[in-house]
Amino acid sequence: MLPVKRFTDFIDQNSLFTHDSNILAAVSGGMDSVVMAHLLKSAGFNFGIAHCNFQLRGNESLSDQEFCNNLAGQLRVPFHTTSFDTLKYVEDQKISTQMAARELRYQWFEQVRQQSGYTVIALAHHQNDAIETILLNLTRGTGIAGLHGILPKNGPLVRPLLFLNRDEIQSIINENHLSYVEDSSNASVKYARNKIRLEVVPKLKELNPALEHTFENNLAHFRDLELFLEQQVAGLKKQLFIFNGDELHISLDEIKNLEPKRLLLFKLLQEYGFNESTVDDLISALDKHSGRIFESPGFQLLLDRGMLILTKLNEHLQKQTAISRNDHEVNYDNYKLTILHDDSPLIVKDNPMAVSIDADLLVYPLTLRSWQQGDHFYPLGMKATKKLSDFFIDQKVPLHKKKEIPLLVNGNGDILWIGGYRLDERYKVSKKTKKVTIFELITII
């Protein structure tokens, strides 16, 4: 007899789906997914079967596909199937075969779910799969999230068999005389998960025959602990995060008072792509001088004047734009630069975003670019050269903003104008000036 009541109780307790749901059942043909399909049918749920042929086992893969097609016919439910060139995907993406198969099937399942109007995707993971996942995560290194194992529900993915262990599933197969197919690759220990399943877990069960039950209780504790930590971190974000335009500021004094500092700081920054190694480097730099910069794939952290400043990396930052003598307008990053030639020595006043330059001193093509290490100029009103890095410090320009300031550069390499800040003394309009070129920066919204 099928354990239908335990099945529906678990579904209800975890709010996986209802009898109004339309369920896409991922079926490989193995005993786990076959039991799930029969339980869904016996419990009266609306569902269809989805099967992936990864073309990795020749005729065996084709036989599995045919078996699942027949099963769908037997249960009188819709059948969806596809075939993948998995080895080509492995080569193109430079990943392992197992990772390739995982990515391909989950992408396809979601595609079928959306196109065919399914509510959820049911996966046949059970308690032993959860144990193997935890052991695998511990072996590779994990945080608290890696200890909760496989969740019953994660977005549209649901796992209604997590109330069963492998021995129980085998008993259900035998008692109900259910047919299934055996994947020969499951017996190979070249895959890490198989090695844990076939060699590690049996040894652990010698120490604790009730291993599945023990892990089930542990998983509940780990999930509660993770929920508690997430709630604490959410409270800290409200307390510590100061949003300033497109920047996020956190007081260094507040960070220094965090305990446990490493765990909490990592959780605060995790959503921005910073890993534990970067957090260790950041903690080591807290009591050192300002100016340290740390980057994740999408964000930048800057230690600056008692604050930790987080900004999004400008991946589209334009490196430079050339300006010819005939140009009247060019675009650079978030700016439009207009160019006006005037036959009089007109001086622009009261507009820091515009400047008049002696036209006879310009060497084309000009360049509009960002700050580079070693840049220097002669600030207007001064006879000595000054590094732009020192000038920015004097102007209290935050370190992470330096590269966003456009620099107008002459064809001979001299910096003509720091856009919005200062003209170079050598190119100012003087008594000898006969005509000027007026440059104006306009922010593009």
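This is a predicted model: local features need pLDDT of at least 70, side-chain atom pairs count only at pLDDT 80 or more; totals for chains, interfaces and linings use all residues.
Strand E1 comprises residues 22-26 and is mostly covered, with four of its five residues buried.

Strand E2, residues 46-53, also pairs with E3. Five bridges join E2 and E3, and these strands run parallel. Here His51 stands opposite Thr81 in E3.

## The six-stranded sheet

The strands described above belong to an open sheet of six strands. Their order is E3-E2-E1-E4-E6-E5, and the pairing in the sheet is mixed.

Which strands stand at the edges of this sheet? They are E3 (79-83) and E5 (153-154). Each has a single partner strand, so one side of E3 and one side of E5 are left without a neighbour in the sheet.

## Helix H11

Helix H11 spans residues 261-269. Seven of its nine residues are buried, so the helix is largely enclosed by the rest of the structure. The buried residues of H11 are Lys261, Leu264, Leu265, Phe266, Lys267, Leu268 and Leu269.

What covers the buried residues of H11? The cover includes three helices, namely H9 (211-240), H10 (252-256) and H12 (276-285). Strand E10 (299-304) is also part of this cover.

## The chain as a whole

The protein chain contains 13 helices and 22 strands. Its C-alpha atoms fill a box of roughly 105 × 50 × 40 Å, taken along the principal axes. The radius of gyration of the chain is 32 Å, whereas a compact globule of 445 residues would have a value near 22 Å.

Contacts between residues at least 6 apart in sequence were also examined for the protein chain. Of these contacts, 66% join residues at least 24 apart.

## Burial, surface and charge

Of the 445 residues in the protein chain, 44% are buried. The accessible surface of the chain comes to about 23900 Å², and carbon and sulfur atoms account for 50% of that surface.

The protein chain carries 50 positive and 55 negative charges.

Conventions
Residues are numbered from 1 along each chain as its sequence is written. Side-chain values use heavy atoms; hydrogens and water are left out. Helices (H or I, at least four residues) and strands (E, at least two) are DSSP runs, numbered from the N terminus. The radius of gyration is taken over C-alpha atoms; the globule rule is 2.2 Å times the number of residues to the power 0.38. Buried means under 20% relative accessible area, exposed over 50%, partly exposed in between (1.4 Å probe, protein chains only). Contact means heavy atoms within 4.5 Å. Accessible areas come from the Shrake-Rupley method with a 1.4 Å probe; for residues, only the protein chains shown count as cover. Lys and Arg count as positive and Asp and Glu as negative; His and the chain ends are not counted. The place of a charge is taken as NZ of Lys, CZ of Arg, CG of Asp or CD of Glu. Two strands pair if DSSP finds at least two bridges between them.
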